[in-house]
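Student: Please pick one part of this structure and look at it closely. Then tell me what else I should look at around it.

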Amino acid sequence: MGQIQGLAAHAAGAELLSFRYETGNLGSYEVEIAISHCGICHSDLHLISNDWGISQYPFIPGHEIVGEVAAVGRQVKHLKVGQRVGLGWQSNSCGVCEWCTQGLENLCALSEGTCVHRHGGYADRVRANSRFVLPIPDALDSENAAPLLCGGITVYNPIRSFGVNPSSRVGIVGVGGLGHMAIQFARAFGAEITVFSTSSDKEAEARELGAHHFLNSRESKNLKDAAGRFDFILNTANADQDWNLYIQALRPTGQLCFVGIPPNPASLQVFPLIAGGRSVIGSPIGSPRQIAEMLDVAARHGVKAKTELFPMAKVNEAIEKVKKNKVRYRAVLGN
Ligand code: NAP
Ligand code: ZN
């Protein structure tokens, strides 16, 4: 029993305000985390402004969490008080469906989001089912690791699952929180990487992160010139674009994969999909097993988020900077 102190949205698009809630008893399989860091993912901004029509107010956003285990439920044997852990977008699933039992809990129909219809990580503490709370490798700093828990796994999973390898020509659309980690993971998998960005001032850093080529996506000529070049294009941008130009940029059998969520339905020309056997796919976060693998790969290959640290109390300032696409490349709140 106790209270958790955080910063909550009380209405669509409103500034976050100080907010407290009662916790009740800790469930047998739950863990309570004392939060040291929480990244600001653009999905938090979508939730705050109710872009997806699922937000219930007031709620505390935040789902890129690192901290220490503060308490464990009676049945939790694999985590200890004081241990450094992380928690991402998902904090529970049914545990028994065909997806959960294959280690693909992120596909469970009864998946629960850490800050959807419950209170998330812009707070001093948070609770989750222990299956979704993962140890953080010693080699990773908490501030740089927090964004891996949602943004990192969201780009790692498709790069890994759809077979990116040294022969792959990969395009990454958008160099934000997700995109800058996607460049690093695609590089770790050995791919040749082209970045499509609307911000030409990001070119030098995109190359330092591992990109080989940089195209300004505001110039549609650049996209037209790229026709037939890519095996895999990962869209991390949250904005509408001419997706047909990206499909034309694919080689035969190439895939355009959406992880970033544009506001409007995509209108696609079908003929280029059929002619080249090309496909358009989406990918949702990753399961605990996949997150554990991603953290291990990040630790061994030196993949980490480039962060700007804000004190928790400056959350509204940080959110404004994310909205203006001024953060390089992930805002992280610290307690
Ligand atoms: P972010 O840090 O704000 O980065 C988004 C990037 O998109 C920007 O840095 C910018 O890159 C590009 N962009 C912005 N406005 C644009 C425009 N008008 N036209 C073209 N590109 C534009 O956001 P994030 O945290 O990486 O999240 C990105 C998206 O992924 C969000 O929609 C989020 O909800 C989604 N997401 C999905 C999952 C999943 O499971 N599938 C998980 C996490 C997040 P440039 O400056 O380089 O153009
Ligand atoms: Zn997220």
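Tutor: A residue is called buried when its relative accessible area is under 20%, exposed when it is over 50%, and partly exposed in between, with a 1.4 Å probe and protein chains only. Helices (H or I, at least four residues) and strands (E, at least two) are DSSP runs, numbered from the N terminus. The model is predicted, so local features need pLDDT of at least 70 and side-chain atom pairs count only at pLDDT 80 or more, while totals for chains, interfaces and linings use all residues. Residues are numbered from 1 along each chain as its sequence is written, chains are lettered from A and ligands numbered from 1 in the order in which they are written, and side-chain values use heavy atoms, without hydrogens and water.

The part to examine is helix α9, residues 288–301. The expected span of a helix is 1.5 Å times one less than its number of residues. For the 14 residues of α9 this gives 20 Å, and the end C-alpha atoms are 20 Å apart, so the two values agree. Buried in α9 are Pro 288, Gln 290, Ile 291, Met 294, Leu 295, Val 297 and Ala 298. Contact means heavy atoms within 4.5 Å. The buried residues of α9 pack against β9 (134–135), α3 (151–161) and α4. After the helix comes Gly 302, with a positive phi near 70 degrees.

A nonpolar core is a set of buried Ala, Val, Leu, Ile, Met, Phe, Trp, Tyr and Cys residues joined through side-chain atoms within 4.5 Å. The largest core has 86 residues, and Ile 40, Tyr 122, Leu 148, Phe 185 and Leu 234 touch the most other members. Helix α4 (residues 177–188) supplies the largest share of this core, six residues. At least three residues of the core come from each of domain 1 (3–150 + 286–334) and domain 2 (152–282); these bounds come from an automatic or database domain assignment. A second, separate core of 17 residues includes Leu 215, Ala 226, Ala 249 and Leu 256.

Leaving aside residues up to four places away in sequence, Leu 79 touches Val 31, Val 72, Val 85, Ser 130, Val 133 and Pro 135.

Next, the metal. Donors are N, O and S atoms within 2.8 Å of the metal (3.2 Å for Na, K and Ca), and sites may look incomplete because water is not among the atoms. The zinc ion (ligand 2) is coordinated by Cys 41 (SG), His 63 (NE2) and Cys 150 (SG), at 2.0 to 2.3 Å. Cys 41 lies in the loop between β3 (30–39) and α1 (42–48), and His 63 in the loop between α1 and β4, 22 residues apart. Cys 41 is buried at 2%, and His 63 is buried at 0%.

A salt bridge is a side-chain nitrogen of Lys or Arg within 4 Å of a carboxyl oxygen of Asp or Glu. Glu 32 forms one with Arg 125, with the closest N and O atoms 2.5 Å apart. Glu 32 is in strand β3 and Arg 125 in strand β8 (residues 125–129), 93 residues apart. Glu 32 also meets Arg 127 at 2.7 Å, N to O.
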